[in-house]
Amino acid sequence: MGTYEENWEKMSDKSKDLERARQSFIEEFEAINWYEQRIEGTGDPELKKILEHNRDEEKEHAALLFEYVKKNDPEQADALKKSDL
Ligand SMILES: [Fe+2]
């Protein structure tokens, strides 16, 4: 799974699920970046609108995953509170 390099089989189920969520979060952000590049690159207004819609859906997906991580990783939730964001 993802870029994990230790023994996956020895990880707890909870750690595996957090790894899945974090890796999916990374992939959603990569997708947002790809859509941003294509939105700025295209000269076709119709395609631009479709790409913007898709980018915004990826942002929603990323938000759902981050909420999952916050809910299941107390240290991450504390770090977020301390950041004052
Ligand atoms: Fe997505």
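Glu19 is found in helix H1, within a model that is predicted. With 16 C-beta neighbours inside 10 Å, Glu19 counts as partly exposed, because a residue is buried if 20 or more other C-beta atoms lie within 10 Å of its own and exposed if 12 or fewer. The C-alpha atom of Glu19 is separated by 23 Å from that of Trp34, the two residues being 15 residues apart along the chain.

The confidence of the prediction can be stated for the chain as a whole: the average pLDDT is 93, and 94% of the residues score at least 70. Among the helices, confidence is highest in H2, at a mean of 98, and lowest in helix H3 (residues 74–82), at 93.

The overall dimensions come next. The C-alpha trace of the protein chain spans about 50 × 35 × 15 Å along its principal axes. The radius of gyration of the protein chain is 16 Å, whereas a compact globule of 85 residues would have one near 12 Å. Of the 85 residues of the protein chain, 5% count as buried.

How do helices H1 and H2 pack, in terms of angle and axis distance? Helix H1 (residues 13–41) packs with helix H2 (residues 45–72) at an angle of about 160°, and their axes lie 9 Å apart. That angle makes H1 roughly antiparallel to H2, because angles over 145 degrees count as roughly antiparallel. The crossing of H1 and H2 is left-handed, and the residues of the contact of H1 with H2 divide into 14 nonpolar, four polar and ten charged.

Glu30 has its place in helix H1 and is exposed, with 11 other C-beta atoms within 10 Å. Helix H2 holds His53, which counts as exposed with 10 C-beta neighbours inside 10 Å. Asn72 is also found in helix H2, and with 13 C-beta neighbours inside 10 Å Asn72 counts as partly exposed.

| Residue pair | Apart along the chain | C-alpha to C-alpha distance |
|---|---|---|
| Glu19 and Trp34 | 15 residues | 23 Å |
| Glu30 and Glu58 | 28 residues | 9.4 Å |
| His53 and Phe25 | 28 residues | 18 Å |
| Asn72 and Thr42 | 30 residues | 39 Å |

For Asn72 and Thr42, which are 30 residues apart along the chain, the C-alpha atoms are separated by 39 Å.

There remains helix H3. Is H3 buried or in the open? Of the nine residues of H3, the number buried is zero, so this helix lies largely in the open. H3 is followed by Asp84, whose phi is positive, near 60°.

Notes:
Residues numbered from 1 in each chain as written. Predicted model: local features only at pLDDT ≥ 70, side-chain atom pairs only at ≥ 80, totals over all residues. Axes fitted to C-alpha atoms, helices over the stretch in contact; angles between N-to-C directions. Helix = DSSP H or I, 4+ residues; strand = E, 2+ residues; numbered from the N terminus. Parallel < 35°, antiparallel > 145°, perpendicular 65-115°, else oblique. Left-handed = near helix turned anticlockwise from the far one by under 90°. Nonpolar A, V, L, I, M, F, W, Y, C, P; charged D, E, K, R; others polar. pLDDT = per-residue confidence, 0-100. Rg over C-alpha atoms; globule rule 2.2 N^0.38 Å.
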